[in-house]
Structure formats: C-alpha cells, structure tokens
Amino acid sequence: MNITEIIVVSLIKIVLVIVMILVAVIFLVYFERRISAWIQYRIGPNRVGWKGILQTTADVMKLLLKEDIVPSASNKTLHTLAPIIALFVAFSTYAVIPFGPDVTIFGYQVKLMVADVNIGVLYVLALTSLGVYGITFAGYSSGSKYSLLGGIRSSAQMISYEVSMGFSVAGVLLLSESLNPQKIVLAQSGWMWNAILQPIGFITFVVSAFAETNRLPFDLPEAEPELVGGYHTEYSSMKFAGFFLAEYANMIIASAMITTLYLGGWQIPYIDKLGLGVTLTTLLQVGAFFLKVIFLLFFFIWVRWSIPRFRYDQLMSLGWKVMFPLSIINIIWVACLIMIFNL
Amino acid sequence: MSLYDIIFYLFAAITILSGFIVVTSKNIVYSAFSLLFTFFGVAGIYVLLGADFIAIVQILVYVGGILILLLFGVMLTNKITNVDIRTGTIHVLPGAVAVGVLMGLLLSAMVWTEWKTQPSETPVTTTVTLGRLLITDYILIFELLGILLLIALIGAASIARREQE
C-alpha cells in the first residue's frame with residue numbers, strides 16, 4: 001500500500017470506530033437505565049420510541065438546547081478545555097484495540113484495528129493516565145469546593161489504582177512476550193485465556209478498571225450525597241454531556257481492554273477445528289469480540305446497581321493494601337508458570 | 001525541507017514555546033499545564049527518532065505520574081489553604097550570565113563536534129533490545145537506581161510520619 005491508500009484506509013477505520021462508539025454509547029445509556037430499573041423492580045424509560053429506545057436521543061436533544069452556564073468564579077479556558085480532554089482521551093484509546101484477525105477486502109490486506117502499534121498496551125495505559133487531567137482541570141477550574149474535592153479525590157484514586165493495573169498487565173506481558181495487542185490475543189489460543197491462567201491478575205485488573213472509569217463502587221469523585229455532582233457540579237449543557245459521553249466511552253474501552261488482555265480477544269476456542277471457511281470464521285470471531293464486550297458492559301451495570309459505594313479510606317486501603325500486593329503475587333505466579341511449564 | 005524536517009521543527013517549536021511559558025507564566029497552574037505540552041513535544045521527537053518505548057514511557061511517567069502529583073500539590077495548597085503561589089523573577093543578571101555561558105558551551109560543542117552520520121532506516125521496535133540490555137549489560141546501574149528510588153520513598157514516608165506525631 002502506498003501512503004495515500006494508508007491514509008484513506010485509516011480515515012475510513014477512524015470514522016467507523018467513532019460512529020460505532022457513539023451509537024454504542026447511546027444504547028449503553030438506555031440499557032443502563034432499563035437494567036437498573038429491572039434490578040430495582042421499576043419500569044424505567046418506556047415512552048420515547050419503541051420501549052423507550054429513543055430516550056437517550058431525546059436527552060441529548062434536551063442537553064443541546066440547554067443554556068451553557070459558566071460560573072463567574074471559574075477559569076474559563078480550563079473550564080472549556082476539561083471536557084475536551086476527557087473526550088479526546090476516551091476516543092483516542094480505541095486506536096489499538098483489535099476487533100478481529102487480519103482480513104482481505106478487495107485485494108487489500110486490512111487489519112481490523114486503526115493502528116497496529118508495537119507498544120499498544122503501553123499506549124492505552126499512557127492515555128488512560130491522561131484521562132485524569134480532564135477531571136482534575138474540571139475540578140480546579142470550576143471555582144467550587146465540591147468540584148475541587150471531586151477533582152482531588154479522582155487524581156488520588158487514579159494514581160493509586162494505576163499502579164495495580166500496571167502490575168496486573170505485567171503478568172499478561174510475561175506470557176505473551178509482546179506489548180502488541182494483536183499478538184497478546186494470538187498468544188491466548190485455545191483454552192489458554194489469561195483469565196484462566198492468571199485468575200488473580202484478572203481480578204485485580206477488573207477491579208482497577210472499575211476504579212479507573214470512576215464507576216460504582218468507586219465513584220467517589222462524583223459521590224452525589226457528599227459532593228453534589230463532584231467534578232462536574234458546575235457543568236451544564238453540552239459540556240456536561242461531554243463528561244457523560246466520556247464516562248460511557250471509557251466503560252467500553254475498559255471492557256474491550258479486559259477482553260483483549262484476559263478473555264482471548266476475538267478468539268473462539270478451537271473454531272478452526274470446525275472447518276467453516278475463512279469468511280464465516282472471521283465474521284464469527286468479530287462477533288465473539290463484540291459479544292464478550294457486551295457481556296462485560298452488562299457486568300459493569302450489574303455491579304453498579306448491586307454494590308454500595310466505598311468510604312474514601314476503604315478505597316485507598318483496598319487499592320494499596322489488597323490490590324497492589326495481589327498484583328505482585330500474580331506476577332510471581334505467572335513467572336513460576338513459565339518456569340515450570342516452559343509456556 | 002522534507003516531511004521529516006517539518007515534523008521535527010513542529011515538535012521542537014511546541015517544546016520550546018511551551019517551555020518558555022512554563023518559566024515565564026505567573027500562575028503556577030498555567031505553568032504546570034504548559035509543561036504537559038513540553039513533555040508531549042519531547043515525546044513526539046522521540047517517536048520521530050524511532051524510540052517508541054522511551055516516548056510512551058515519557059508520557060506514562062512524566063505526564064501521567066509526576067505532573068499529576070505536581071498539580072495535586074498545587075491544587076491542595078493553592079485553593080484549600082489560601083496560599084497564593086506566584087512565581088517571580090529574581091537575580092536576573094547572574095541568571096542571564098550563567099545561561100549565556102551554558103548556551104555558548106552547548107552551541108560550541110554542537111558546532112565543533114564531528115558528528116557520525118549514517119543513512120536513515122525504517123525504525124524497528126526497541127522494547128526487546130532495551131529490556132535485554134537493562135538486565136544484562138546495565139543490570140548494576142538498573143538495580144542501583146531501584147534502590148535509590150526505594151530510599152527516596154522511605155525517606156518521604158518517614159518525613160510525613162514524623163510530622164504526624
């Protein structure tokens with residue numbers, strides 16, 4: 001492929017991925033409300049469209065038409081910049097997630113990911129650590145106590161859980177001997193999913209992912225009873241929608257990362273034994289990836305409506321005294337596995 | 001000027017401009033914020049030079065860790081205890097002389113050195129080589145640095161504990 005073709009193919013992939021995320025977020029918000037209603041024995045939104053399926057669209061229209069209020073005590077530049085940073089980080093992380101194996105379309109060898117980066121896993125970790133800037137700036141620039149406390153809580157929480165997240169990923173890297181997401185997926189062929197080989201690392205990664213996305217039981221940066229709305233107390237209209245969108249986009253990226261690192265990515269165990277032909281196999285594998293992501297998203301929502309919020313000191317001691325030692329034990333476990341079985 | 005040069009000068013300009021704002025800005029939060037762009041500019045140059053691992057670690061450690069801790073400290077002291085942190089300029093003349101001498105030294109080193117050049121090649125990933133070098137040839141330095149960081153960590157913890165008692 002020459003450079004023009006590479007640019008055109010990349011642009012098509014970027015547009016596709018962004019549209020996919022936006023549509024996914026719209027349905028995710030709807031399903032979050034429906035599932036929470038189901039868990040709490042309520043009805044949930046059911047008026048706009050068939051079974052309320054257009055509820056999110058209506059909400060977005062409402063937010064678009066609302067007045068954008070910027071508090072007079074705020075720092076205007078940073079106040080506007082904060083949701084933009086949050087969105088930028090949430091969307092650019094998708095670049096390295098592989099949706100399926102390499103395919104050939106119209107004679108072109110196409111990778112089912114936007115960018116095949118050699119150090120893809122580190123790229124995701126680096127960008128998620130940037131995500132805290134959006135929240136920190138939102139908290140600082142609003143000129144409100146509640147926002148500031150939310151911002152500070154969030155930065156402390158994210159730094160703490162990033163450590164155990166990084167250490168859990170180290171176990172995966174030891175087994176796959178690569179930082180490339182596609183190679184990590186390929187290393188988990190058959191039943192050798194990382195979730196089975198290193199269950200402790202799987203658990204610490206999932207818990208850290210919950211903390212990094214600020215979802216319940218780790219949503220202290222926006223704990224409503226104590227902090228009004230946390231870091232986005234002073235945000236209204238589309239800027240608020242920006243944070244909202246970023247939170248749900250982060251949920252999808254966390255699910256996609258868990259799938260890629262621990263649940264075998266797009267792989268279906270022993271599908272090549274069935275002899276289904278290349279096209280059907282590829283379609284099934286891409287479908288399997290999305291199915292795994294959807295299940296994890298359901299798991300996110302399920303946990304949110306089942307478990308109460310941690311107290312702040314509980315959150316910190318869980319992060320440093322439980323998750324961090326566990327993730328180190330996991331590295332030793334994986335190293336022993338490699339030594340004994342020559343994996 | 002080739003595409004390579006244009007990209008290099010773009011990142012160099014970002015680095016230098018934001019670095020200038022870091023030292024001249026009166027508001028320390030703005031300084032910290034433009035430091036973000038300085039780190040990004042440097043990371044961009046690393047990518048351009050084919051050092052992918054160093055580039056991403058630059059962002060992971062400096063932007064994701066150190067700068068956040070810095071902002072954390074600024075936010076806590078600035079907004080909660082009402083201490084107004086301002087940066088000012090003192091000792092202009094000695095500073096200017098020192099900077100001038102240093103810049104002269106660097107420039108002369110740059111001009112007089114006979115640089116070894118070789119034709120450019122497509123960069124390959126450096127992660128494996130770096131990892132191997134770190135645990136073979138440079139293992140002593142690597143572990144000493146680890147101990148140094150551990151000492152700093154224990155020191156910080158003991159200082160924080162002492163004030164509590």
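Predicted model: local features only at pLDDT ≥ 70, side-chain atom pairs only at ≥ 80, totals over all residues.

Chain A and chain B bury about 2300 Å² between them, and 82% of that is on carbon and sulfur atoms.

**Where the two chains meet**

- On the contact count, 26 residues of chain A touch 24 residues of chain B.
- Sorted by class, the side of chain A that touches chain B holds 17 nonpolar, eight polar and one charged residues.

- Y133(A) is worth a click: setting aside neighbours within four places in sequence, Y133(A) is in contact with I85(A) in chain A and with L36(B), V63(B), L67(B), I68(B) and L71(B) in chain B.

**Salt bridges in chain A**

- E32(A) and R304(A) pair up through their side chains, with an N to O distance of 3.4 Å.
- That pair links distant parts of the chain, 272 residues apart: E32(A) sits in helix α1 (residues 3-39) and R304(A) in helix α11 (residues 278-304).
- E32(A) has a relative accessible area of 3%, so E32(A) counts as buried.
- R33(A) and D59(A) form another salt bridge, this one at 3.0 Å, N to O.
- This pair also links distant parts of the chain, with R33(A) in helix α1 and D59(A) in helix α2, 26 residues apart.
- R33(A) is partly exposed because its relative accessibility comes out at 34%, and D59(A) is partly exposed too, at 21%.
- R311(A) and D313(A) make a salt bridge as well, with their closest N and O atoms 2.9 Å apart.
- Is D313(A) buried or partly exposed? D313(A) has 44% relative accessibility, so the call is partly exposed.

- Q55(A) lies in helix α2 (residues 55-65) of chain A.
- Q55(A) counts as buried because its relative accessibility is 15%, under the 20% cut-off.
- Leaving out residues up to four places away in sequence, Q55(A) touches R33(A), P45(A) and V48(A). R33(A) is the residue that also meets D59(A) in a salt bridge.
- E247(A) is found in helix α10 (residues 237-262) of chain A.
- At 13% relative accessibility, E247(A) falls in the buried class.
- The C-alpha atoms of E247(A) and R215(A) are 8.4 Å apart, and the two residues are 32 residues apart along the chain.

**Positive phi in chain A loops**

- Y41(A) isn't a glycine, but Y41(A) has a positive phi of about 55°.
- Look for Y41(A) in the loop between α1 and α2 of chain A.
- With 78% relative accessibility, Y41(A) counts as exposed.
- E177(A) is another residue other than glycine with a positive phi, near 55°.
- E177(A) sits in the loop between α5 and α6 (181-187) of chain A.
- E177(A) is exposed, given its relative accessible area of 68%.

**A stop in chain B**

- Y4(B) is part of helix α1 (residues 3-24) of chain B.
- How exposed is Y4(B)? Its relative accessibility is 43%, so Y4(B) counts as partly exposed.
- Not counting residues up to four places away in sequence, Y4(B) touches L48(B) and L49(B).
- Y4(B) and L49(B) are 45 residues apart along the chain, and their C-alpha atoms are separated by 9.9 Å.

Terms used. Residues numbered from 1 in each chain as written. Chains lettered and ligands numbered in written order. Heavy atoms only, no water. Helix = DSSP H or I, 4+ residues; strand = E, 2+ residues; numbered from the N terminus. Buried < 20%, exposed > 50% of the residue type's maximum accessible area, 1.4 Å probe, protein only. Contact = heavy atoms within 4.5 Å. Buried area = accessible area lost by both parts, 1.4 Å probe. Nonpolar A, V, L, I, M, F, W, Y, C, P; charged D, E, K, R; others polar. Salt bridge = Lys/Arg side-chain N within 4 Å of Asp/Glu carboxyl O.
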